[in-house]
Amino acid sequence: MQNKVTRGTGHGDPRGSDAEDFDLTLRIGVERLHIRTRIPQADMSIPEFLPVIQSLTDAVVAAAARGVARSRRRISCGPGCGACCRQLVPVAEAEAVHLAGVLAGLGADRRARVLERLRAARERLTGSGLATELHSAERGQSPMDRRELGLRYFRLGIPCPFLEDESCSIHPHRPLACREYLVTSDPRHCAHPEKGRVETVELPRRPSALLYRFGDGAGAAPARWMALPLALERAWGSGERGEGEAFPAPELFQRFVFRLAGADEDMG
Ligand code: SF4
């Protein structure tokens, strides 16, 4: 089956501008995704466009979850299990800006609690020397591979600043890496990733990996990611909340799905 994109112009977008309708059939791995969506005919920065990418990611992950169910395995992630929220969560710059906006929108008390946890995470990362390693990794200059960095990070036991009562307090806004992380093994293994017994669901395509390259609006930029607390601290301090270079949103959408499905695919 070929991937297929049909575009058409619609009207009456809730943002008050015209919009473009997309009707997609994507083959991602063995799964076939059918997505109908409406994209505003407006210029958007990547952080402004992020909710569209989040929805697309949720569709890819849901398809992978259906594949798990067909193979008679079970996804063992559940409410109140925040073991994975002590892992190294890589985020794209656009996600950091988005999270800073979410933080700005919290009530004063909640925001103060998140900022206090953020301060504690930064202190721990700096005190352990891992902040320096993470900055080197960000520039592609760390001798450690991602798995080694991840294990060192996890050993520090730093909860994500958004983790409350072992649940994500910003669930609808969580980064793509969090959306893509699903486990089928016994949840008890998640507390000991170094033993190699955690079985994760392999996605045929990871939207997060594409987002790390999507700063140019085309997916051809060098991959760029940062650890969530350091990225959030930077974005919060910069005061940036979604400004930046803007691109026509329908073009962003088509380029993102094109790259996600594989650049060699005929998109019809
Ligand atoms: S953003 Fe939410 S899901 Fe992701 S690590 Fe933080 S608390 Fe967990």
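The ligand is surrounded by Cys85, Val89, Cys160, Phe162, Leu163, Cys168, Pro175 and Cys178, where a residue is near a molecule if one of its heavy atoms lies within 4 Å of it. By class, this shell holds eight nonpolar, no polar and no charged residues; Ala, Val, Leu, Ile, Met, Phe, Trp, Tyr, Cys and Pro count as nonpolar, Asp, Glu, Lys and Arg as charged, and the others, Gly among them, as polar.

The model is predicted: local features need pLDDT of at least 70, side-chain atom pairs count only at pLDDT 80 or more, and totals for chains, interfaces and linings use all residues. Residues are numbered from 1 along each chain as its sequence is written, and side-chain values use heavy atoms, with hydrogens and water left out.

A nonpolar core is a set of buried Ala, Val, Leu, Ile, Met, Phe, Trp, Tyr and Cys residues joined through side-chain atoms within 4.5 Å. Buried means under 20% relative accessible area, exposed over 50%, and partly exposed in between (1.4 Å probe, protein chains only). The largest core has 65 residues, of which Leu125 and Leu134 touch the most other members. Leaving aside residues up to four places away in sequence, leucine 134 touches Leu88, Leu125, Leu149, Tyr153, Ala227 and Leu230 (contact: heavy atoms within 4.5 Å). A second, separate core has six residues, including Ala64, Val68, Leu182 and Leu203.

Strand 2 (residues 19-28) and strand 3 (residues 31-40) pair in the antiparallel sense over 10 bridges. Strands (E, at least two residues) and helices (H or I, at least four) are DSSP runs numbered from the N terminus, and two strands pair if DSSP finds at least two bridges between them. Phenylalanine 22 has threonine 37 in strand 3 as its bridge partner. Two residues lie between the strands of this hairpin, and glycine 29 takes a positive phi near 65°.

The whole structure has 11 salt bridges, each a side-chain nitrogen of Lys or Arg within 4 Å of a carboxyl oxygen of Asp or Glu. Three of them are tabulated.

| Pair | N to O distance |
|---|---|
| Aspartate 21 and arginine 38 | 2.8 Å |
| Arginine 117 and glutamate 164 | 2.8 Å |
| Arginine 188 and aspartate 186 | 2.7 Å |

Aspartate 21 lies in strand 2 and arginine 38 in strand 3, so this pair ties together parts 17 residues apart in sequence. Aspartate 21 is partly exposed at 27% relative accessibility, and arginine 38 is partly exposed at 34%. Arginine 188 is exposed at 65%, whereas aspartate 186 is partly exposed at 28%. Glu116, Arg119 and Glu123 are linked in a network of salt bridges.
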